[in-house]
Amino acid sequence: MDESDALTPLHPNHVKAMRVATLLAAVPFVIGALVLEVAGLLPTGVFIVPVLLAAVLIVIRAPMRRYMARGYVMGEDRLRVVRGLWFRSDTVVPFGRVQHIDVHQGPIERAYGLATLTLHTAGSHNASVSLPGLADADARAMRETIRAQIRRDTM
Amino acid sequence: MSEPADPPETGERRTEPTGLLLRAIGGLRQLVPAIVAMVLVLRDEGPWLLAAVPLAFVLLGASVFVAWLQWHRLTYRVGTEDIRVESGVLSRAARSVPYERIQDVSLEQGPLARVFGLVEVRFETGAGGKDELKLAYLKAAEGERLREVVRERRDDAAAAAGETEAHAAEPAAEVLFAMAPRRLVTFGLFEFSLAVVAVAAGAVQQFDFLLPFDPWDFDEWQERLAGPGAWLSGLGRTAQIVGGIIAAGSLLLVGFATGLVRTFLRDWGFTLERTAKGFRRRRGLLTRTDVVMPAHRVQALVFGTGILRRRFGWHGLKFVSLAQDAGASSHDVAPFARWHELDPIARAAGFAMPTEDLDWHRAGARYRIDSALLAGLIAGGIALAVLVALSATGAASPLLALIPLAIALPLAAWQWFLWRFERHTLDDAQVYARHGWLATRTDVASRIKLHSAEIAQGPIARRRGYATLHLGLAGGKLAIEGIPLTRARELRTAILRSITAQDFSRIN
């Protein structure tokens with residue numbers, strides 16, 4: 001595996017799942033802004049307009065950009081996970097160092113048929129490397145591949 | 001697979017009953033402040049105190065009974081493959097720790113435990129802190145026996161897995177490093193600490209209600225001085241200067257004394273031995289600890305020093321492993337030694353010492369320039385804020401804003417020194433990373449014992465083309481900051497090649 005290897009993009013549903021999650025996170029702020037608006041402390045629109053603008057930005061635009069920034073490369077003996085919009089992180093975990101593997105589905109992920117694959121290592125840094133936004137079947141298949149690579153004879 | 005030396009026992013055992021007494025004494029010590037507080041609160045309420053006495057006895061009896069019940073219900077069993085501990089009065093917990101997963105067994109003896117000949121046995125598995133299996137208290141001989149059992153069983157398991165090279169080591173224990181009292185005195189002087197002053201001040205603040213006067217009332221101090229202290233203020237300037245010198249001197253004395261006492265308590269009789277299977281370290285004046293760690297469990301070495309002690313050629317060495325050492329994440333194996341004394345220790349652990357003739361690389365100049373600029377910017381921002389605030393309120397001269405600006409200069413200079421001193425390199429077997437300027441720290445990790453490699457870049461780093469390489473190290477951290485992106489990729493590719501060539505379960 002080389003740095004030049006093209007990253008495999010995540011499942012397109014990952015964008016939708018992130019949008020739903022950010023939408024849910026934005027709701028309390030919008031409600032708060034509405035309450036302040038109704039209270040009429042300042043001229044109309046001072047609270048609700050910026051909050052709504054910010055909400056639209058983080059619900060529509062940010063998930064798309066985050067999705068574009070993420071990707072992975074499944075190599076022969078290692079998994080490379082790339083993520084981060086501002087703070088880029090490019091992690092490689094060799095299968096021989098994986099202690100155990102999790103496939104996790106939250107409620108939103110389940111609705112979109114997605115799953116998060118998490119590799120746990122013994123290192124203190126990167127003790128767990130997670131790769132969200134995989135199709136559920138893909139995540140399970142990857143888990144099987146990685147598990148087969150962990151030599152079990154001495155474990 | 002060779003037969004175990006003694007047949008596996010299946011009997012359940014309990015910890016020593018005298019341990020209960022030890023715990024009770026320990027518990028009483030914790031109770032003393034509570035009792036003192038209670039007496040202080042109740043002393044004005046005479047008759048109520050009498051009512052509290054039987055109640056206290058009932059509570060005491062109940063807690064003794066519960067402690068006895070807990071003791072009675074805690075049993076351990078040394079099996080063929082694992083150690084099992086069952087405990088709990090109402091809800092039972094059964095824990096099993098396989099021998100192969102035990103990193104080391106440490107024995108600890110507090111001063112009281114030593115009187116009774118008891119030890120606290122800890123099985124280090126890397127689970128960390130509270131999750132570790134602990135048996136308190138066992139007879140000292142039983143602790144030793146358990147340790148031997150664990151070692152033998154683990155070796156059998158290793159032998160079964162085909163790891164025979166561990167048996168090739170020499171049988172006799174060889175002392176790798178020891179500290180004589182003279183060395184301890186030197187060490188203690190470098191451990192200068194004023195922590196005790198802070199503790200005393202904290203205690204005064206906490207318990208000021210017990211003092212017959214208010215220590216925080218300046219006027220009262222002046223009044224007190226006005227009596228017997230009046231002659232002092234009358235002695236004039238010279239006497240005051242002498243007084244100041246005496247005060248500073250006594251502070252220094254307290255600092256040195258604290259350092260000496262702490263060092264003697266912790267490191268008295270420090271001995272590090274190379275045994276057949278690994279390392280054994282014993283130390284402690286009142287609380288003796290006896291830690292054994294297998295050589296192949298050592299993940300990395302950390303060479304440390306201090307600002308002053310470096311000038312006198314003193315260094316320290318720690319082993320990084322999954323096991324913990326009395327709360328600290330790394331094992332002190334030579335806290336205060338000459339550089340050449342560290343060499344045999346490192347070699348015994350299978351590591352090579354960092355030398356000057358390695359192909360050392362520095363962090364990128366851009367990274368240092370950006371860090372210096374960032375420090376300048378932050379200091380400038382603070383200066384501006386101070387300037388605005390002081391001009392607006394007029395509380396003090398706006399010239400005070402120059403102080404944060406003046407701090408920016410040494411910060412930038414510091415980056416220059418870091419650029420000169422911080423370096424890293426890679427050889428066939430190890431990764432080296434040196435950090436810091438005045439008190440440098442050198443991390444040496446075995447390439448095959450790393451677990452992951454991450455290249456991280458912040459927004460500035462991305463524009464300027466440098467990155468930080470984080471390496472996954474079991475039980476510690478290892479990062480190489482601010483290296484050019486191409487260099488980071490080169491290093492990662494090389495390290496990953498070593499990692500993937502060796503399966504982890506074979507080396508650990």
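Reply: Happy to! Two strands pair if DSSP finds at least two bridges between them, and strands are DSSP runs (E, at least two residues; helices are H or I, at least four), numbered from the N terminus. This is a predicted model, where local features need pLDDT of at least 70, side-chain atom pairs count only at pLDDT 80 or more, and totals for chains, interfaces and linings use all residues. Residues are numbered from 1 along each chain as written, chains are lettered from A and ligands numbered from 1 in the order written, and side-chain values use heavy atoms, without hydrogens and water.

In chain B, S1(B) and S2(B) (residues 82-87) run antiparallel and are joined by four bridges. One of the residues to look for is B:Arg77, whose bridge partner in S2(B) is B:Arg84. The whole sheet is open, with three strands in the order S1-S2-S3 and antiparallel pairing. Strand S1 (75-78) and strand S3 (93-98) of chain B are the edges, each pairing on one side only. On average, neighbouring strands here are turned by 15 degrees against each other, direction ignored (axes are lines fitted to C-alpha atoms, and angles run from 0 to 180 degrees between N-to-C directions).

Chain A has a strand worth a visit too: S5 holds A:His120. This histidine counts as buried because its relative accessibility is 17% (buried means under 20%, with a 1.4 Å probe and protein chains only). Beyond its neighbours within four places in sequence, A:His120 is in contact with residues including A:Arg97, A:Asp102 and A:Ser128 (contact means heavy atoms within 4.5 Å).

Key. Buried means under 20% relative accessible area, exposed over 50%, partly exposed in between (1.4 Å probe, protein chains only).
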